[in-house]
Amino acid sequence: MMYSTTPTSNSSAVSNSSALSGQLPQQIFTRREVIPLQDNVLWRIEHGAVRTLTWSENGTFITLGYWGLGDLIGYPLSKVKPYQIQCLTGVEISIVPPHLWHQDINALLSHIQQAENLLSIVHRKPISLRLWQFLVWLSEKFGRDVDKGKLIDLNVTHQDIAEVLNTTRVTVTRLLQQLEEEGTVLRHKRRIILRLPNKLIKNYDSALCQPTCL
C-alpha cells in the first residue's frame, strides 16, 4: 500500500521573512509549553515546531495545523475558540506587530495554503490513504533525507496523529504496523522513516486524481 500527496513548501515565505528576523524581539519556549495569545500580534517561527489546536465540549482535542520554520502563527489568523498554540519542540519565535504584517504577505499566503492542504488530507478516504498522505506531508515539512528514506524529524505520537486525522489511536497503531510490515515505514527510535521510491509513488498519482465515491 503506497500513496502520494502534493508536497507543501514554505521556502519562499522563509526567504522573504529572513530580512526582518534580526530586527524583531524574540522569545524562546520549551517543548509542550503553550505560547500566549495576543489579539494584535503574530509570531514567526525561527526554530522548532508547534501545533495549533482547539477542543470540543467533551474535551476532545482537534488539531488545526502543524507549523515550522518561517511559518506565521497567532490568534489573528483564526476565528476558532478555544484556540491554543502548543510547542512540539523547543521553539524560538519572533514577534511580528500589525504594522509589519504586510511585509510578510508570502508567509500569510503560505499559512492559508498549508491549512487547506491539511484540510484536504484529513477528508481523504479510506483512513489508510489519509494516514499515508499525512505522513508524506509531515516528511515534506519536517523531514530530512537519511540512508533508508526520509526521516520525520518530529516526535509525533499515535494519539497526536489520531487527533489530526479524526480517528482513534488504535486505528493509527494498526495502520502503522501494516505499513511497517510492507516496508514502506521504518522506525528509528521514536521517529518515523518513510521509504518513498519515485516509481512507486507515480503508480498512485492517477488514483488520487479520481474522486472518492460515497
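Which residues of helix 2 are buried? In this predicted model, select helix 2, residues 105–122. Its buried residues are Ala 107, Leu 108, Ser 110, His 111, Gln 114, Asn 117, Leu 118, Ile 121 and Val 122.

**The nonpolar patch**

Next, select Ile 105, Leu 109 and Ile 112, which make a nonpolar surface patch of about 260 Å². Ile 112 is found in helix 2.

**Strand 1 at Gln 26**

Move to strand 1, residues 26–29, and select Gln 26. Gln 26 is partly exposed, at a relative accessible area of 37%. Display its side chain together with that of Ser 94: the two side chains make a polar contact at 3.1 Å. Glu 46 and Gln 26 are 20 residues apart in sequence, and their C-alpha atoms are 8.9 Å apart in space.

**Aromatic pairs**

The aromatic rings come next; the count is 5 aromatic pairs. Begin with Phe 29 and Trp 43, whose ring centres are 6.4 Å apart and whose planes stand at 85°, so the pair is edge-to-face. Phe 29 lies in strand 1 and Trp 43 in strand 3 (residues 42–47), so this pair ties together parts that are 14 residues apart in sequence. Are these two residues buried or exposed? Phe 29 is buried, with a relative accessible area of 7%, and Trp 43 also counts as buried, at 1% relative accessibility.

Continue to Trp 55 and Phe 61. Their ring centres are 6.2 Å apart and their planes lie at 80°, so this pair is edge-to-face as well. Trp 55 counts as partly exposed at 32% relative accessibility, and Phe 61 is partly exposed with a relative accessible area of 36%. Thus the pair of Phe 29 and Trp 43 consists of buried residues, whereas that of Trp 55 and Phe 61 consists of partly exposed ones.

**Last stop**

Finally, select Tyr 66, Phe 134 and Trp 137, which form one aromatic cluster.

Technical notes
Residues numbered from 1 in each chain as written. Predicted model: local features only at pLDDT ≥ 70, side-chain atom pairs only at ≥ 80, totals over all residues. Heavy atoms only, no water. Helix = DSSP H or I, 4+ residues; strand = E, 2+ residues; numbered from the N terminus. Expected span 1.5 Å × (residues − 1). Buried < 20%, exposed > 50% of the residue type's maximum accessible area, 1.4 Å probe, protein only. Patch = residues over 30% accessible without salt bridge, like charges linked within 9 Å, V, L, I, M, F, W, Y side chains within 5 Å. Areas by Shrake-Rupley, 256 points an atom, 1.4 Å probe, with all protein chains shown as cover. Salt bridge = Lys/Arg side-chain N within 4 Å of Asp/Glu carboxyl O. Polar contact = N/O pair within 3.5 Å; in protein donor to acceptor, adjacent residues only side chain to side chain. Phe/Tyr/Trp six-rings, centres within 6.5 Å; stacked < 30°, edge-to-face > 60°.
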